[in-house]
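This briefing is intended for a reader who is new to the structure shown below. Please consult the sequence and the model alongside the points that follow.

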Amino acid sequence: MKVFFELEENPKGTAQMKGTSFQGGRIHHYEKKEVKFTRNMYHLKIVSAAGGLAKLPHFVGAVSCSVTFYYSIKQRKKWGLPKTSKPDCDNMVKLLLDVMTDIHIWDDDSQVAHLEVSKFYAEKPAILIVAESMEGGGT
C-alpha cells in the first residue's frame with residue numbers, strides 16, 4: 001500500500017519540542033505553544049488531505065516514508081533549489097512523524113525503516129508526504 005498527502009502549508013521546524021520550568025520545587029516539562037500549534041495544524045491538514053479520519057491508512061510492519069518540504073520564495077531563480085538554511089531537516093520531520101503516530105497511520109514511528117527528507121524553495125509552500133509499506137501486505 002502507498003499513500004500520498006499534500007499539505008499546502010509553510011513547513012515549520014521545532015528544534016526544542018519540550019520546555020522545562022521549575023515549579024513547587026520540582027522540574028516540570030511541557031510542550032511549547034508553537035509546537036502545540038504546529039502539531040494541531042499538521043493533524044488537521046493530514047486528516048483533511050485523507051478525506052477524514054475514517055479514510056486514513058494504517059500501516060502494519062516496516063514503512064518507507066518520503067517527506068519533501070517546499071518553502072515559498074518570491075525569487076524565481078531559487079525555485080527548485082535546495083534550501084540549505086535553518087530549520088534542519090531532522091527537526092522538521094520529527095514532529096510530523098509523531099503526528100502521524102498520533103492519528104494512527106502506524107502504531108509507532110519506529111516502524112519507519114526508510115526515511116527520506118528534503119527541503120527546497122518553491123513558488124508556493126507545501127509539504128509532500130509519501131508513505132509505503134515495505135512488507136508486501138500492508139494496512
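The charged end of K78 sits over the ring of Y121, 5.5 Å from its centre. K83 lies over the face of Y71, at 4.7 Å from the ring centre. A charge counts as over a ring if NZ of Lys or CZ of Arg is within 6 Å of the ring centre and within 35 degrees of the ring normal. This is a predicted model, in which local features need pLDDT of at least 70 and side-chain atom pairs count only at pLDDT 80 or more, while totals for chains, interfaces and linings use all residues. Residues are numbered from 1 along each chain as its sequence is written, and side-chain values use heavy atoms, with hydrogens and water left out.

- An open sheet is formed by 4 strands in the order 1-6-4-5, with mixed pairing; strands are DSSP runs of E with at least two residues, helices are runs of H or I with at least four, and both are numbered from the N terminus.
- Strand 1 and strand 5 stand at the edges with a single partner strand each, so one side of each has no neighbour in the sheet.
- From one strand to the next, the twist averages 10°, where axes are lines fitted to C-alpha atoms (for helices, over the stretch in contact) and angles run from 0 to 180 degrees between N-to-C directions.
- Strand 4 and strand 5 run parallel and are joined by 10 bridges; two strands pair if DSSP finds at least two bridges between them.
- The bridge partner of T68 in strand 5 is S118.

**Helix 1**

- Helix 1 packs on the sheet, touching strand 1, strand 4 and strand 6, and its direction makes about 125° with that of strand 1; contact means heavy atoms within 4.5 Å.
- The buried residues of helix 1 include V35, M41, Y42 and I46, where buried means under 20% relative accessible area, exposed over 50% and partly exposed in between (1.4 Å probe, protein chains only).
- G51 follows helix 1 and has a positive phi, near 90°.

**Helix 2**

- The 14 residues of helix 2 (residues 89–102) should span 20 Å at 1.5 Å a residue, which agrees with the 20 Å between its end C-alpha atoms; the expected span is 1.5 Å times one less than the number of residues.
- Helix 2 is mostly covered, with 10 of its 14 residues buried, among them L95, L96 and L97.
- What covers these buried residues includes helix 1 (33–50) and strand 4 (63–72).
- H104, with a positive phi near 65°, follows helix 2.
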